[in-house]
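The exercises below ask you to read a structure step by step, and each one comes with a worked solution. Please look at the sequence and the model before you start.

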Amino acid sequence: MQEIIVDIQIGPEEWIKLYNGAAKDVHTTARDGRSVRFPARILSRFYLRDGIHGSFRILFDDQGKFASIERL
């Protein structure tokens, strides 16, 4: 398993755009400096009224497919 840790700050207006499909992926930089892109839908369960804020560990299988996500 591979993992990345990302710090995410997505306000409610931006999240609505992602949720409605205006954009499908989140592009960000992992803490180790890697540029990463992943489906916005994996963040859905972390949405609060003020958006999505926090640090997350994202696990990928050996083929690079999403496995799981957790808030740190």
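Tyr47 is partly exposed, because its relative accessible area is 30%, and the term covers values between buried, under 20% relative accessible area, and exposed, over 50%, with a 1.4 Å probe and protein chains only. The model is predicted, so local features need pLDDT of at least 70 and side-chain atom pairs count only at pLDDT 80 or more, whereas totals for chains, interfaces and linings use all residues. Residues are numbered from 1 along each chain as its sequence is written, and side-chain values use heavy atoms, with hydrogens and water left out.

**Exercise 1. Aromatic pairs**

Describe the aromatic pairs of the model, and state where their residues lie.

Solution. Begin with the rule: rings of Phe, Tyr and Trp (its six-membered ring) pair if their centres lie within 6.5 Å, and planes under 30 degrees apart count as stacked, over 60 as edge-to-face and the rest as tilted. By this rule there are 2 aromatic pairs. In the pair of Trp15 and Tyr47 the ring centres are 6.0 Å apart and the planes stand at 20 degrees, so the pair is stacked. Trp15 belongs to helix α1 and Tyr47 to the loop between β3 and β4, so this pair ties together parts that are 32 residues apart in sequence; helices here are DSSP runs of H or I with at least four residues, strands are runs of E with at least two, and both are numbered from the N terminus. Trp15, at 4% relative accessibility, counts as buried.

Next take Phe46 and Phe56, whose aromatic pair is edge-to-face, with 4.9 Å from centre to centre and 65 degrees between the planes. Because Phe46 lies in the loop between β3 and β4 and Phe56 in strand β4, the pair ties together parts that are 10 residues apart in sequence. Both Phe46 and Phe56 are buried.

**Exercise 2. Salt bridges**

Find how many salt bridges the model has, and work through three of them, those of Glu3 with Arg57, Glu14 with Lys17 and Asp32 with Arg34.

Solution. Side chains of opposite charge can pair when their charged atoms come close. A salt bridge is counted where a side-chain nitrogen of Lys or Arg is within 4 Å of a carboxyl oxygen of Asp or Glu, and the count comes to 6 salt bridges. The side chains of Glu3 and Arg57 form one of these, at 3.4 Å from N to O. That pair links distant parts of the chain, since Glu3 is in strand β1 (residues 2–10) and Arg57 in strand β4 (residues 52–60), 54 residues apart. Glu3 counts as partly exposed because its relative accessibility is 40%, and Arg57, at 23%, counts as partly exposed too. A network of salt bridges links Glu3, Arg57 and Glu70.

The salt bridge of Glu14 and Lys17 has an N to O distance of 4.0 Å, and both residues lie in helix α1 (residues 12–19), 3 residues apart, about one turn of the helix. Asp32 and Arg34 meet at 2.8 Å, N to O; here Asp32 is exposed, with a relative accessible area of 53%, while Arg34 is partly exposed, with 36%.

**Exercise 3. The surroundings of Thr28**

Is Thr28 buried or exposed, and which residues does Thr28 touch?

Solution. Thr28, in strand β2, counts as buried because its relative accessibility is 19%. With contact meaning heavy atoms within 4.5 Å, and not counting residues up to four places away in sequence, Thr28 touches Val6, Asp7, Arg34, Ser35, Val36 and Phe38. The C-alpha atoms of Thr28 and Asp7 are separated by 8.4 Å, although the two residues are 21 residues apart along the chain.
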